[in-house]
Amino acid sequence: MSITRRDLLKTATAGFLLKLLPTDAWAVGQVRFVDVRLWPADDYTRVTLEHEGPLKYKFFLVDNPHRMVVDILDMRLDKTLKELTSRLKADDPYVQQIRVGQFDANTVRIVFDLKAPVRPEIFNIDPVATYQNRFVVDFYPQKPADPLMALVNKPEESATVEPSTKEDEIARAIRMAEGQGSGKVAKTPAVADKPVDKTPEKTPEKLADKSADKHIEKPAKGLEVKRVITVAIDPGHGGEDPGAVGNSGSYEKHVVLSIGKLLKEEIDGMPGMRAMLTRNGDFFVPLGTRVQKARSVNADLFVSIHADAFVKPTASGSSVFVLSERGASSTAAKWLANKENSSDLIGGVNIKGADNQLAKVLLDLSTTAQINDSIKLASAVLGKIGKIHRLHKAEVEQAGFAVLKAPDIPSILVETAFISNPEEEKKLNDPDHQKKIAQAIAAGIAQYFAKNPPVARRLT
Ligand SMILES: [Zn+2]
């Protein structure tokens, strides 16, 4: 029987496939990768391997040069996992290079070449929302960055902006706070003069006792105001947690980060004020860590920014929320709080992580005084937002938002608009409107401090 040209072709194709099988075939084990994602950030770089089926792994760290090796057992390298190497960005703070290959017949080896020694955290997340199983590798710096240092480095020029009416209001608030009556407008805030806490380990006790008194510097006679008001701005969601997604495909996490950055600009532009962001990029920050970050800079206020979705696309308008000890002020508020509180599940929290334990302790200390101050702040912000945007409800709403539980920091959550409403989604993506929202929130904050000077508040 003669061999036809067609047969030859068949054999060649089969041979080609056979050659490829050991390195480029579909997974032969039970595990199958669905997607791989990288979330680089200064705080930590996260690698997420989303998969179906049970995943068995081993890992170890190697020095000289620093690298981490993860072996995935009972598996053949698949296309999805191979894509991991191309997802790495050159400016990743911790990972230099990723290599993926078939180590032996049943083991896939992933090697992370590292830029510096790291503290890795490896854990699994069960399927939630639209996600399947997730295998997560987090690379943390061995020495976590001190959020206070970022504040100390606040650019000089932002402190020397010409005073405006709004800034006068703030400066007046500070002078009142410092008992300087109607003295002249405060000059450059003495940012670097703020005590920098160099304590390496931060136990809850240590965090608690450095709150009020150390924080306040009594100005010596004839000296300019030293007390700088610090506002913690918390753009919701981030990284693995997109938040709500609009009809046109915009993500809440991106919109609120833009508004958060604009709000920071507004606040940094006010004399005697400075702002810090709980996240400055697209990465996930657990709810407790957001509060912890605010406390580590002795924040005077905590402002969480969101743009949520509701089941009905017709829902519209801005709302401002504060914590409730008793229960939600409306069904919608309760629904929303539950949704926001599920952020840790979706974003992916290592429940055994040390930071998470500390965060939990902090979240149980909320007080009535904090809630009363928060309501004053929320009313001021709601009043200003009401001038530029339709309100969902004319009153401040209350519910059990986890992120509002800092025991001694007035904390509000601003739902800027509904991303699920097509008209509002458009507005939320408009840089001019984003700026208007940021300015309205800043004006509300200024009004709050004019009526509730920080020292008086701290002493009551
Ligand atoms: Zn949200």
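Biologist: What spacing do the donors of the zinc ion follow along the chain?
Modeller: This is a predicted model. Its protein donors are H237 (NE2), E252 (OE), H306 (ND1), D308 (OD), E340 (OE) and E340 (OE). They lie 2.1 to 2.6 Å from the zinc ion. Along the chain, their spacing reads H-x14-E-x53-H-x1-D-x31-E.

Biologist: How far apart in sequence are the parts that H237 and H306 tie together?
Modeller: H237 sits in the loop between β9 (229-235) and α7 (252-268). H306 belongs to strand β11 (residues 301-306), so the pair ties together parts separated in sequence by 69 residues.

Biologist: Which arrangement do the six donor atoms around the zinc ion make?
Modeller: Look at the angles they subtend. These run from 52 to 173°. Octahedral would need every angle between non-opposite donors to be between 65 and 115 degrees. The angles of 52 to 173° therefore make the arrangement irregular.

Biologist: Is H237 buried or exposed?
Modeller: Buried means under 20% relative accessible area. H237 has 5% relative accessibility, so this residue counts as buried.

Biologist: What is the phi of N298?
Modeller: Most residues other than glycine have a negative phi. N298 is not a glycine, yet its phi is positive. The residue follows α8 and lies in the loop between α8 and β11.

Biologist: What is the omega of the peptide bond from N64 to P65?
Modeller: P65 lies in the loop between β3 (56-62) and β4 (67-73). Most peptide bonds are trans. The bond from N64 to P65 is cis, with omega near -10°.

Notes. Residues numbered from 1 in each chain as written. Predicted model: local features only at pLDDT ≥ 70, side-chain atom pairs only at ≥ 80, totals over all residues. Heavy atoms only, no water. Donors = N, O, S within 2.8 Å, 3.2 Å for Na, K, Ca; no water. Tetrahedral: all angles 85-135°; square planar, octahedral: opposite > 155°, others 65-115°. Helix = DSSP H or I, 4+ residues; strand = E, 2+ residues; numbered from the N terminus. Buried < 20%, exposed > 50% of the residue type's maximum accessible area, 1.4 Å probe, protein only.
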